[in-house]
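Here are a few notes to read alongside the model. Have it open and look up each residue as you go.

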Amino acid sequence: MTNSTIDHEAVPSGIEPSASSVLNAASMVPLSIEDVTVAYHRRPVLWNIDYQAPRGKLVAIVGPNGSGKTTLIKSILDLIPRAAGRVLIFGQEYKTQRHRVGYVPQRTSVDWDFPVSALDVVAMGLYRKIGWFKPVTHAHRETAKQALDRVGMLDFASRQISQLSGGQQQRVFLARALVQNADLYFMDEPFAGVDAATERAIVDILRSLRESGKTVIVVHHDLQTVHEYFDEVMLLNMRLIAAGPTSEVFTTENLRKTYGGKLALLDQLSEKMARPRNN
């Protein structure tokens with residue numbers, strides 16, 4: 001068979017070779033958002049969002065309060081309905097790709113008084129593999145302990161989750177996501193309310209995930225660390241203002257479009273971005 005010859009046996013029945021190539025290309029894209037609109041009580045809160053996340057990158061979703069950042073993540077994960085548009089995870093609908101997705105919700109959305117230990121919480125991330133109502137085995141617990149150790153929380157494995165500090169709770173939830181061994185992660189404000197040590201630990205984990213070829217989408221508020229932490233950025237304010245490589249998109253002009261010029265930090269941030277960065 002020459003290089004120009006198509007092996008039709010390798011192409012699924014009923015699919016033209018060109019269509020098969022398109023499907024294969026789509027399956028390589030971790031996240032594809034196409035014309036997504038979300039509305040609450042018929043009032044749109046997100047308008048016509050289009051975005052494709054690259055493989056093996058750290059992506060920040062940045063925008064003012066109420067701009068739809070959390071809503072976007074929840075609509076991607078089918079936690080709230082979409083009024084229009086579609087979302088594809090590696091070329092397929094989310095319901096068929098759940099096993100490839102990890103999610104760390106906002107810490108404030110969790111009932112931390114629920115009587116479980118840190119180890120129990122991490123083991124919950126394995127339930128899809130274990131199966132509901134099936135026992136957690138010794139091997140599963142060892143996997144959960146390894147994840148706790150990775151985030152520096154192994155010594156707190158038996159501690160009740162309600163007895164942990166905010167930063168410690170965040171690390172435990174990160175460990176729960178890690179045991180899922182996903183290819184695409186969504187994290188909603190993982191740095192909110194954590195101490196400096198926890199923030200550094202989270203950044204190290206994010207970078208190790210990137211090195212493993214994972215894609216991580218993060219709702220982020222600290223504009224001063226976007227350049228340092230993230231490869232790509234989505235600037236959102238009900239509409240997608242701009243998206244792409246941080247070095248190209250995270251500009252003063254785009255930030256003013258996103259925040260309406262009302263952010264006092266913008267001038268200070270502009271000076272910081274104007275300084276040459278050491279690579």
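**Notes on the cores, a threonine and a helix**

1. Start with valine 172. Beyond its neighbours within four places in sequence, valine 172 is in contact with Ala118, Val121, Val122, Leu148, Met153, Ile161 and Leu164. Keep in mind that you're looking at a predicted model.

2. Now for the bigger picture around that residue. The largest nonpolar core has 47 residues, and Val172 and Met187 are the ones that touch the most other members. Helix 7, which covers residues 166-178, gives the most to this core: 6 residues. There's also a second, separate core of 28 residues, with Val59, Phe90, Val219 and Met234 among them.

3. Next, find threonine 70 in helix 2, which runs over residues 69-76. Is threonine 70 buried or exposed? Its relative accessibility is 19%, and buried means under 20%, so threonine 70 counts as buried.

4. What does threonine 70 touch? Not counting residues up to four places away in sequence, the answer is Gln106 and Asp188. With glutamine 106 there's a polar contact, side chain to side chain, at 2.9 Å.

5. Last stop: helix 11, residues 252-259, where Asn254, Leu255, Thr258 and Tyr259 are buried. Look down the axis of helix 11 and its buried residues fall within an arc of 120°, so they line one face of the helix. Just after helix 11 comes glycine 260, which takes a positive phi of about 70°.

Terms used:
Residues numbered from 1 in each chain as written. Predicted model: local features only at pLDDT ≥ 70, side-chain atom pairs only at ≥ 80, totals over all residues. Heavy atoms only, no water. Helix = DSSP H or I, 4+ residues; strand = E, 2+ residues; numbered from the N terminus. Buried < 20%, exposed > 50% of the residue type's maximum accessible area, 1.4 Å probe, protein only. Polar contact = N/O pair within 3.5 Å; in protein donor to acceptor, adjacent residues only side chain to side chain. Contact = heavy atoms within 4.5 Å. Core = buried A, V, L, I, M, F, W, Y, C linked by side-chain atoms within 4.5 Å. Arc of directions from axis to C-beta.
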